[in-house]
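Here is a briefing on one protein model. Have the sequence and the 3D view open as you read.

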Amino acid sequence: MSDQDWRATQALARRVLREGAPLVLTEDVRALLLRTAREVAITDAVEALRTEAGALALLAEASRRITDGSNRLMDALHRMYRHQRAGNYDDARQEMRDVLAVEVVPYYRETAQGQLDDMADEP
């Protein structure tokens with residue numbers, strides 16, 4: 001995961017999708033969208049970049065996956081830690097399993113799996 005790319009993608013999405021700025025598909029913007037699409041498990045990015053509508057949809061989907069995945073993981077981590085503090089490791093593990101059941105972004109999946117793995121020796 002490139003934190004810098006994700007910040008740039010989110011900033012671009014904010015300008016274009018929320019503030020109405022035009023999406024100018026420079027070589028740098030195309031490269032950013034392709035890298036980000038790969039990192040958030042979007043497989044048809046090259047095809048999407050062939051049209052303006054496709055590029056806008058690609059930007060929106062990449063931004064959504066970054067935001068939704070982050071929110072989902074952070075919320076689950078907070079609940080997991082609360083369960084752990086209460087000594088309830090079954091529910092703590094279930095929080096990470098629930099993330100893994102729906103998450104498509106590899107970075108967020110790896111984080112959830114790592115948390116789950118870290119609890120393997122717990123009761």
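Predicted model: local features only at pLDDT ≥ 70, side-chain atom pairs only at ≥ 80, totals over all residues.

Residues are numbered from 1 along each chain as its sequence is written, and side-chain values use heavy atoms, with hydrogens and water left out.

- Helices here are DSSP runs (H or I, at least four residues), numbered from the N terminus.
- Helix 4 covers residues 52-85 and has 34 residues. Its first and last C-alpha atoms are 49 Å apart, close to the expected 50 Å. The expected span is 1.5 Å times one less than the number of residues.
- Gly87 follows helix 4 and has a positive phi, near 80 degrees.
- Helix 1 has 16 residues. From first C-alpha to last, helix 1 reaches 21 Å, close to the 22 Å expected.
- Asp5, Trp6, Thr9, Gln10, Ala11, Leu12, Ala13 and Val16 are the buried residues of helix 1. Buried means under 20% relative accessible area, exposed over 50%, and partly exposed in between (1.4 Å probe, protein chains only).
- The cover over these buried residues includes helix 2, helix 4 and helix 6.

**The nonpolar core**

- A nonpolar core is a set of buried Ala, Val, Leu, Ile, Met, Phe, Trp, Tyr and Cys residues joined through side-chain atoms within 4.5 Å.
- The largest such core has 33 residues, of which Leu12, Leu58 and Met96 touch the most other members.
- Helix 1 (3-18), helix 2 (27-39), helix 3 (45-48), helix 4, helix 5 (89-102) and helix 6 (106-118) each supply at least two residues of this core.
- Helix 4 gives the most, with nine residues.
- Met96 touches Leu73, Ala76, Leu77, Met80, Ala112, Gln115, Leu116 and Met119, leaving aside residues up to four places away in sequence. Contact means heavy atoms within 4.5 Å.
- In soluble globular proteins, nonpolar side chains tend to be buried together.

**How the helices pack**

- Axes are lines fitted to C-alpha atoms, for helices over the stretch in contact, and angles run from 0 to 180 degrees between N-to-C directions.
- Angles under 35 degrees count as roughly parallel, over 145 as roughly antiparallel, 65 to 115 as roughly perpendicular and the rest as oblique.
- Helix 1 and helix 4 pack at about 125 degrees, with axes 9 Å apart. Helix 1 is therefore oblique to helix 4.
- Helix 1 passes helix 4 in a left-handed crossing. Left-handed means that the near helix is turned anticlockwise from the far one by less than a right angle; clockwise would be right-handed.
- On the helix 1 side of this pair, the residues are Trp6, Thr9, Gln10, Leu12, Ala13, Val16 and Leu17. They meet Leu56, Leu59, Ala60, Ala62, Ser63, Ile66 and Thr67 in helix 4.
- Helix 4 and helix 6 pack at about 10 degrees, with axes 10 Å apart. The two are therefore roughly parallel.
- The axes of helix 5 and helix 6 come within 9 Å and cross at roughly 155 degrees. Helix 5 is therefore roughly antiparallel to helix 6.
- The crossing of helix 5 past helix 6 is left-handed.
- Arg93, Met96, Arg97, Val99 and Leu100 in helix 5 meet Arg109, Ala112, Gln113, Gln115 and Leu116 in helix 6.

**Single residues**

- Arg79 is in helix 4. Arg79 counts as partly exposed because its relative accessibility is 33%.
- Arg79 and Arg97 are 18 residues apart in sequence and 13 Å apart in space, C-alpha to C-alpha.
- Arg35 is in helix 2. Its relative accessible area is 31%, so Arg35 is partly exposed.
- Arg35 and Trp6 are 29 residues apart in sequence, with their C-alpha atoms 9.4 Å apart.
- Arg109 lies in helix 6 and touches Leu100, Glu103 and Val104, not counting residues up to four places away in sequence.
- Ala41 sits in the loop between helix 2 and helix 3. Its phi is positive, near 65 degrees, in a residue other than glycine.
- Most residues other than glycine have a negative phi.
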